[in-house]
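Colleague: I have a structure open and would like to go through it with you. Can we start?
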Amino acid sequence: GRRAMGGPRATAPGQQLRALFYVLPPGESSFRTVEEVPDYVEKSIPFFIAFIGLEFAVSWVQKRKLAGRINDGISSLSLGILSRLPDVLFRSIDLISYIYVWNNYRFFELPWDSPWTWYLTFLGVDFAYYCFHRISHEVNILWAAHQVHHSSEDYNLFTALRQSVLQKYTSWIFNLPMALFIPPSVFAVHLQFNLLYQFWIHTEVVTKLGPLEWVLNTPSHHRVHHGRNPYCIDKNYGGALIIWDRIFGTFEAEDAKVVYGLTHPVNSFDPIMLQLRPLVHIWNTFWATPGFCNKLSVIFKGPGWGPGKPRLGLPEEIPVITGKEVPFNPSVPVYLNWYAVVHFAIIMELYTGLLGTVTMLSQGTILLRIGFIILSLTSFGLLMENRQPKADILEIIRCLVFVAVYKLGHLRSQFSSLGYAYEV
């Protein structure tokens, strides 16, 4: 329905929950301007936490074990926070580029309040995601960014939050054709809905969903996508829909037990290392490969390519799955796990506080907080890897920095009563 001009619309908890499953209809999610569109992703954070807790409970009932590990969970959440930090400083490049094309080059304007525009955008955003997702697996330089999401050897709702910092700086290109005729406000809604839908499919506690498996991307389909079994490689790229994979021949049904992660595991919980190591590998391979055309192929052909091989590499070179694969899981004392959990919770609270107060902070304070968050996430990663003495030294430095910037007023808890506890 039509809505008056104004600021961002408030969303009721029921609406927010339905947005998470892409079942908020056009009448409740159509807006005249981009400024009116709610930040559905940020408002979903409480639901992310609730569903993660529910997944742990269901997994315990089903299998008598929790749906993940502390080290991998902290790593995934760290990568999720890291991926969102640029948005604290800059407006989303997806929207900036889209609005620019819309303002300067649009052919015609579909009505923002028409259900037909809403459903067309639903299909358009999902197809653009399929195209980008597929090319991110088939072009090495794009895979270097996207592989971050596949680096977990667990498969749970934490994994959904495991995102790349760099990926968003290429994905925007695939949405631009829609800017020639679809209003930015409609696009801004579906960009968020498509992302949110992909949260709940990262789980093992949901098995098969019957006839829905023919049309929707489901946990079963997406488990295949995250597998490193030879039959799983480069399959099931869909976002909300699986129809594109069925049309273009990239669909594969779940069969043998899926082993998750990369074919060549990174074996690290350090979020900076997970983001940058593949780029370092491409850089080294580029200079070690003879011939100009071969050097370009290192960048623009598949991650499995080598001189004399097909564009996407040789299937027979994919490591065979024995069923005896053991996830990277360094042994650390129990107290260290709890220490990391408590301190990560503090960083989560400071991060959400930063999101809520960013418009009231100076640029210097924002940069200082972001720098401290990155330092903390790196330190937690090294602690989880039991990298002594480097981890201990970095953690001591981190704690001293925290006390200093807290005393100077550059870091503040949302809960003033916790101030003294944080310093302790």
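Colleague: How far apart are the end C-alpha atoms of residues 336-424, and how much of the span is helix and strand?

Modeller: The end C-alpha atoms lie 17 Å apart, and the span is 75% helix and 0% strand. Helices (H or I, at least four residues) and strands (E, at least two) are DSSP runs, numbered from the N terminus. This is a predicted model, where local features need pLDDT of at least 70 and side-chain atom pairs count only at pLDDT 80 or more, while totals for chains, interfaces and linings use all residues. Residues are numbered from 1 along each chain as its sequence is written, and side-chain values use heavy atoms, with hydrogens and water left out.

Colleague: What does UniProt call residues 336-424?

Modeller: The unreviewed UniProt entry annotates them as "domain: Alkylglycerol monooxygenase C-terminal". UniProt positions are given in the numbering used here, feature names are shortened, and annotations may be inferred rather than shown by experiment.

Colleague: And where does UniProt put "transmembrane region"?

Modeller: The unreviewed entry places that feature at residues 172-193, 336-354 and 366-384. In the model, residues 336-354 are 100% helix and 0% strand, with end C-alpha atoms 27 Å apart. Residues 172-193 are 45% helix and 0% strand, and their end C-alpha atoms are 16 Å apart.

Colleague: New topic. How many aromatic pairs are there?

Modeller: The structure holds 27. Rings of Phe, Tyr and Trp (its six-membered ring) pair if their centres lie within 6.5 Å; planes under 30 degrees apart count as stacked, over 60 as edge-to-face and the rest as tilted. One of the pairs is Tyr22 with Phe122, which is edge-to-face at 4.9 Å centre to centre, with 75 degrees between the planes.

Colleague: Where in the chain do Tyr22 and Phe122 sit?

Modeller: Tyr22 is in the loop between helix H1 (13-20) and helix H2 (40-43), and Phe122 is in helix H6 (residues 115-138), 100 residues apart.

Colleague: Which cluster do they belong to?

Modeller: Ring pairs link Tyr22 and Phe122 with Tyr40, Trp118, Tyr119 and Phe193.

Colleague: Why does Phe127 count as partly exposed?

Modeller: Because its relative accessibility is 32%. Trp244 counts as buried because its value is 13%.

Colleague: Last one. Which residue lies over the face of Phe251?

Modeller: Arg246, at 4.0 Å from the ring centre. A charge sits over a ring if NZ of Lys or CZ of Arg is within 6 Å of the ring centre and within 35 degrees of the ring normal.

Note on methods:
Buried means under 20% relative accessible area, exposed over 50%, partly exposed in between (1.4 Å probe, protein chains only).
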